[in-house]
Amino acid sequence: MLKRNGMISTLCFIGFFAAEAPHISVAETLVLLSILYFVPGIFPFVFHQSPLRAAQSLESGLIKCYPAAAFFAVLALVTDIGGFALIWWMYTIFLAFYGILRLWETNIHRIEETSVLFGLIYLAGGGFWFFAYAAHLKIMQFGPLIILLTAVHFHYSAFLIPIFNGLLGRITRKKRMLYRWITWVILFSPLLIALGITYSKTLDVIAVGIYMVALYLYAFLVFTTAFRSKTAKILIRLSSAVLMITITFSMVYSFGVFRQEVTLNINQMIWIHGFVNAFAVILPALIGWRIEAPKPFDADSVKTFSRIYGKRRIGKDFLANIQAENNAQYRGLVDDMGSLRSKDFSPENLAPFILSFYEQTIDYDVKAKVTWSTWFRPFAIVYEWFSRRTGQIHLSTNPDWYRMYSTIKGVNSKKDGRNKVRAWIRTNEKNETIFTALYSVYRSNGEGYMNISLPLPFSSMTGILKPYHHQEKLVLTSRRRKSGAGDEGIYLQTRAGTCPLPLSETFLIEAAHDNRLTAIHHMWLFGIKFLTVHYSITHIARPNERT
């Protein structure tokens, strides 16, 4: 497929030169260079990485339709018929739609994948400006050359720089906070620069200045990141070095426009910022990243989600009502805490009672105390009314301690889709269902995770928790690591797909005195704490007594 696209692109490029010679526009050549070579060049980085059937079908169509779309883009310039450019614009819209579809499933902490997909979305802007140029549209006060250069900008900087930044993020493990901030600046700079060019010279200078700082920091990360391939390292670092020079010229040009003093004219910028970027920034970077071939952090992840979705009401009898129970007998939430072992978690370091609680849960009595954050209490009152009626995640606004009665039941793995699933069903003293949570464990990339699914009305919510040991204490958390690696997170599943939620939670379990454990459960919404639940967990003498 790649060889076929390469041959078609080369024939189209030769045809363009033959038709336009000797009056060949440098700017038209630059935009066609991206359409014919750079756009298909990034396909291996973005396609064949989604389990969504809709995404797979769309990417198959995009790959098959690319040669025709590129051919019509060339025809638009050769024949001066703007309608042909409309086909290329529509193609970029479908690419952008594919990017949006992928963003729906991309974890919000995968900032590097967000960067890659934003590049596809911005390309649709390039498609529009290309169509505007070919169709001779009059847009505000812009002349044909400015419209064409805007198309070039969206086919290069706005499209490819976010993708290269995302590929860097796939191999960068250190300085993740710096990388995250650089990424957000790179993603939103094209919009700020466009607003500045259109409405405010001051904003344009500020936006270009911020963008320049981000690209200098990006180059710093490029020069401090380890690469697998020496050739790739040389090419990518060369690209970053040249980019620092060309973005400086952009700053000089923008400042000259702001001061109304011509430092560099538009034709000089076409060669410096256009031609040099194409052959000394984009081309070596694209070749280098194709050699390096970085995979997404979670490319080898095997996480699965429960296929059990809730109905209008859940309640303690939900599994029996949908015939999802089986006869498997489980005493604990986990058969063996050793199955969660990783470099960050060694179960033998925990207090023995913590291991016993997770492996012999029915031998423990649980009491809870719910505390809602002050800012969230008005929402909690409404939430309590809703949760009581749905019979799921029913957390009271009463600040007093109350007892939880619990049972553990086996769940049909064929219906659920995970292995050795068991339901921990908890009710309160009024016999109201607090939780019906479906527990499973799995391993991915050498790490163990708890996979806890909570059926919700016509959907389900899954918390994937990574365990850590801290002295003799157990920490279970869905909060993401700074490196961005790992499967941890909280996700919402519907029949339409799975998306991450802006929620996170952490459990801290520690042994207290004698036969008692204490646990604290914190939850955050958009990074702001809204819930704390304290647990008192006591081992009871009679293991068959209902706890």
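Predicted model: local features only at pLDDT ≥ 70, side-chain atom pairs only at ≥ 80, totals over all residues.
Which residues line the largest cavity?

**Close-up A. Lining of the largest cavity.** The largest cavity is lined by Ile-161, Phe-164, Tyr-218, Ser-239, Ser-240, Leu-243, Val-281 and Ala-285. Its volume is about 40 Å³. The count of cavities of 30 Å³ or more comes to one. Sorted by class, the residues of the lining are six nonpolar and two polar, with no charged residues.

**Close-up B. Helices that contribute to the cavity lining.** At least two residues of the lining of the largest cavity come from each of α8, α11 (230-259) and α12 (266-292). The most is given by α11, which supplies three residues. Helix α8 (residues 157-171) also packs against helix α6 (residues 111-134), as the next view shows.

**Close-up C. Packing of α6 against α8.** Two packed helices are described by the angle between their axes and the distance between the axes. For helix α6 (residues 111-134) and helix α8 (residues 157-171), the axes come within 7 Å and cross at roughly 165 degrees. Angles over 145 degrees count as roughly antiparallel, so α6 is roughly antiparallel to α8. The crossing of these two helices, α6 and α8, is left-handed.

**Close-up D. Residues in the contact of α6 with α8.** On the α6 side, the contact is made by Glu-112, Glu-113, Ser-115, Val-116, Gly-119, Leu-120, Tyr-122 and Leu-123. On the α8 side, the residues they meet are Ala-158, Phe-159, Pro-162, Ile-163, Asn-165, Gly-166, Leu-167, Gly-169 and Arg-170. The residues of this contact of α6 with α8 comprise nine nonpolar, five polar and three charged.

**Close-up E. Packing of α4 against α6.** Helix α4 (residues 53-79) packs with α6 at an angle of about 30 degrees, and their axes are 10 Å apart. Angles under 35 degrees count as roughly parallel, and α4 and α6 are therefore roughly parallel to each other. The crossing in which α4 passes α6 is left-handed.

**Close-up F. Residues in the contact of α4 with α6.** From α4, the residues in contact are Ala-73, Ala-76 and Leu-77. They meet Phe-130, Tyr-133 and Ala-134 of α6. By class, this contact of α4 with α6 has six nonpolar residues, with no polar and no charged ones.

How values were computed: Residues numbered from 1 in each chain as written. Heavy atoms only, no water. Axes fitted to C-alpha atoms, helices over the stretch in contact; angles between N-to-C directions. Helix = DSSP H or I, 4+ residues; strand = E, 2+ residues; numbered from the N terminus. Parallel < 35°, antiparallel > 145°, perpendicular 65-115°, else oblique. Left-handed = near helix turned anticlockwise from the far one by under 90°. Contact = heavy atoms within 4.5 Å. Nonpolar A, V, L, I, M, F, W, Y, C, P; charged D, E, K, R; others polar. 1 Å grid on protein atoms, 1.4 Å probe; cavity = no way out; pocket = protein on both sides within 12 Å on 5 of 7 lines; lining within 4 Å. Points joined across faces, edges and corners; volume = space filled by probe spheres on them.
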